[in-house]
Amino acid sequence: MNFLPLVIVNPASRRGEAGRDWPGAAAALRAHFGAFECRFTEAAGHATKIAREEAARGRSLLLTFGGDGTISETARGILDSGMPAELGILPHGTGGDLARSLGVPARIADAARALRCATGVTIDAGRV
């Protein structure tokens, strides 16, 4: 199956700013990255459920628009699915520790451009 990338959007991230900022971020992503689909989270744990279902269906690229919690939940869902999928980050959280550690640009347009030009990097993931 050939799926478009899916953006998992946490509208509550950064005290609700992510929901308000999503239309502009979506335009920047579309301009620099191309076509995609999106789903909005509705509660804690919802990104995990979305990512698990989508990766299990064969979607190979899941992007996040939110903070470290959204990234963590999405990664957990991919791991739970047992299927290979890539995780891309459009940082829009309060702390942004993982994105900063990975060198993901803070500006959405720059992050979108970086996603388009990026090659995958394998990182370790563990469960405690």
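This report walks through a predicted model, starting with its sheet and ending with a few single residues.

## The sheet

Let's start with the strands. Four of them make an open sheet, in the order β2-β1-β3-β4, and the pairing is parallel. The two edges are β2, residues 37-40, and β4, residues 86-91, each of which pairs on one side only. On average, neighbouring strands here are turned by 25 degrees against each other, if you ignore direction.

If you want a spot to look at, find Val7, which stands opposite Leu63 in β3. Strand β1 also pairs with β2, again in the parallel sense and over four bridges. There, the bridge partner of Val9 is Phe40 in β2.

## Helices on the sheet

Two helices to look for are α1 and α2. Helix α1, residues 17-33, packs on the sheet and touches β1, β2, β3 and β4. The direction of α1 makes about 140 degrees with that of β3. Helix α2, residues 46-57, packs on the sheet as well, with β1, β2 and β3 as the strands it touches. Compare the direction of α2 with that of β2 and you get about 145 degrees.

So what happens to the two faces of β1? Both are covered. Leu6 and Ile8 are buried on one side, and Val7 and Val9 are buried on the other.

The largest nonpolar core holds 19 residues. Val7, Trp22, Leu29, Leu63, Phe65 and Leu90 have the most contacts inside this core. At least two of its residues come from each of β1, α1, β3 and α5 (108-117). Which element gives the most? That's α1, with seven residues.

Setting aside residues within four places in sequence, Phe65 is in contact with Val7, Ile8, Val9, Asn10, Ala18, Trp22, Ala25, Leu90, His92 and Ile108.

Thr74 sits in helix α3. Is Thr74 buried or exposed? Thr74 counts as buried because its relative accessible area is 0%, and the cut-off for buried is under 20%. Leaving out neighbours within four places in sequence, Thr74 is in contact with Ile8, Ala47, Ala51, Leu62, Thr64 and Leu87.

## The largest pocket

Roll a probe the size of a water molecule over the atoms, and you see where empty space is left. The largest pocket in this model has a volume of about 1,200 Å³. It is lined by 37 residues, and the closest to its centre are Glu86, Leu87, Gly88, Val121 and Ile123.

Where does the lining come from? Helix α3 (68-81), β4, α4 (97-102) and α5 each supply at least two residues. The largest share belongs to α3, with seven residues.

The loop between β1 and α1 is worth a stop. Pro11 is found in this loop. Pro11 is partly exposed, since its relative accessible area is 26%. Not counting residues up to four places away in sequence, Pro11 touches Gly16, Ala18, Gly19, Phe40 and Thr41. Pro11 and Gly67 are 56 residues apart along the chain, and their C-alpha atoms are separated by 10 Å.

As a general point, most residues other than glycine have a negative phi. Arg14 isn't a glycine, yet it has a positive phi of about 55 degrees. Arg15 isn't a glycine either, and its phi is also positive, at about 55 degrees. As for accessibility, Arg14 is partly exposed, with a relative accessible area of 27%. Arg15 counts as exposed because its relative accessibility is 66%, and exposed means over 50%.

Note on methods
Residues numbered from 1 in each chain as written. Predicted model: local features only at pLDDT ≥ 70, side-chain atom pairs only at ≥ 80, totals over all residues. Heavy atoms only, no water. Pairing = 2+ DSSP bridges. Axes fitted to C-alpha atoms, helices over the stretch in contact; angles between N-to-C directions. Contact = heavy atoms within 4.5 Å. Core = buried A, V, L, I, M, F, W, Y, C linked by side-chain atoms within 4.5 Å. Buried < 20%, exposed > 50% of the residue type's maximum accessible area, 1.4 Å probe, protein only. 1 Å grid on protein atoms, 1.4 Å probe; cavity = no way out; pocket = protein on both sides within 12 Å on 5 of 7 lines; lining within 4 Å. Points joined across faces, edges and corners; volume = space filled by probe spheres on them.
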